[in-house]
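Please keep the sequence and the structure at hand while reading.

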Amino acid sequence: MNTMKKRTLKFLALAFFLLAGVGSLSAQWAATYGLSSPELPYDIQFYENSDVGFVTAGYTMSFGAGVCDAWIVNTDIDGNLQWHFAYGGQGEDMADAIQPIDTSGDKIPDDGYIFLGETMGSFPVAGIWVVMLNPQGMIIWQKVYEDLSGCAAYSVQQNPDGDFVVAGV
């Protein structure tokens, strides 16, 4: 378990080092989130709207209801935890990608987040899981796209007309 925790810390420190240390090549800060069970981030996004910070998507085995649950962590620009939530059910659920979103059309991504991942055993079907969250991390809507062939989704982007594009294999 300590190995996984160290890997998580290295990933987070590397991500923030790359984002905050451009030019100076020094880490601005480092932080560890989670408990003793494995927590693994897969995606991190910087956002700038009325607040400035980072939102991270991955999975947790410390929080939630299942074997592993999707885990979204929101921090301010200095790494102070704003909120975190585990999403999913009794099965295995993971978040692979996250994006801040603009649903109002004002071109400011302050209307929440969309994350995608996989779910197996928590819903009537297994598959690619797409979830829209409000700015406080509460679920607005979610949909599972049934997957019978082992597909996975790895990236989500919002296009200029407000629709979402998902990429995967």
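In what sense do S5 and strand S6 pair, and over how many bridges?

The model is predicted. S5 and strand S6 (residues 113-120) pair in the antiparallel sense, over 8 bridges.

The largest pocket has a volume of about 220 Å³. It is lined by 13 residues, of which Ile101, Asp102, Gln158, Asn159 and Pro160 are the closest to its centre. S5 and strand S9 (153-158) each supply at least two residues of this lining. By class, the lining of the largest pocket holds 4 nonpolar, 6 polar and 3 charged residues.

The second largest pocket has a volume of about 180 Å³. Of its 16 lining residues, Tyr47, Asn49, Asp51, Tyr113 and Pro135 are the closest to the centre. Strand S3 (69-76) and strand S4 (81-87) are the elements that give two or more residues to this lining. The lining of the second largest pocket divides into 6 nonpolar, 6 polar and 4 charged residues.

## Aromatic pairs

How many aromatic pairs does the count come to? The count is 10 aromatic pairs. In one of them, the rings of tyrosine 42 and tyrosine 59 have centres 6.0 Å apart and planes at 40°, so this pair is tilted. The pair links distant parts of the chain, with tyrosine 42 in strand S1 (residues 39-48) and tyrosine 59 in strand S2 (residues 52-60), 17 residues apart. Tyrosine 42 counts as partly exposed at 36% relative accessibility, and tyrosine 59 counts as buried at 11%.

Tryptophan 83 and tyrosine 113 form an edge-to-face pair, at 6.0 Å centre to centre and 65° between the planes. Tryptophan 83 lies in strand S4 and tyrosine 113 in strand S6, 30 residues apart, so that this pair too links distant parts of the chain. Tryptophan 83 is buried, with a relative accessible area of 13%; tyrosine 113 counts as buried at 5% relative accessibility.

Technical notes. Residues numbered from 1 in each chain as written. Predicted model: local features only at pLDDT ≥ 70, side-chain atom pairs only at ≥ 80, totals over all residues. Heavy atoms only, no water. Pairing = 2+ DSSP bridges. Helix = DSSP H or I, 4+ residues; strand = E, 2+ residues; numbered from the N terminus. 1 Å grid on protein atoms, 1.4 Å probe; cavity = no way out; pocket = protein on both sides within 12 Å on 5 of 7 lines; lining within 4 Å. Points joined across faces, edges and corners; volume = space filled by probe spheres on them. Nonpolar A, V, L, I, M, F, W, Y, C, P; charged D, E, K, R; others polar. Phe/Tyr/Trp six-rings, centres within 6.5 Å; stacked < 30°, edge-to-face > 60°. Buried < 20%, exposed > 50% of the residue type's maximum accessible area, 1.4 Å probe, protein only.
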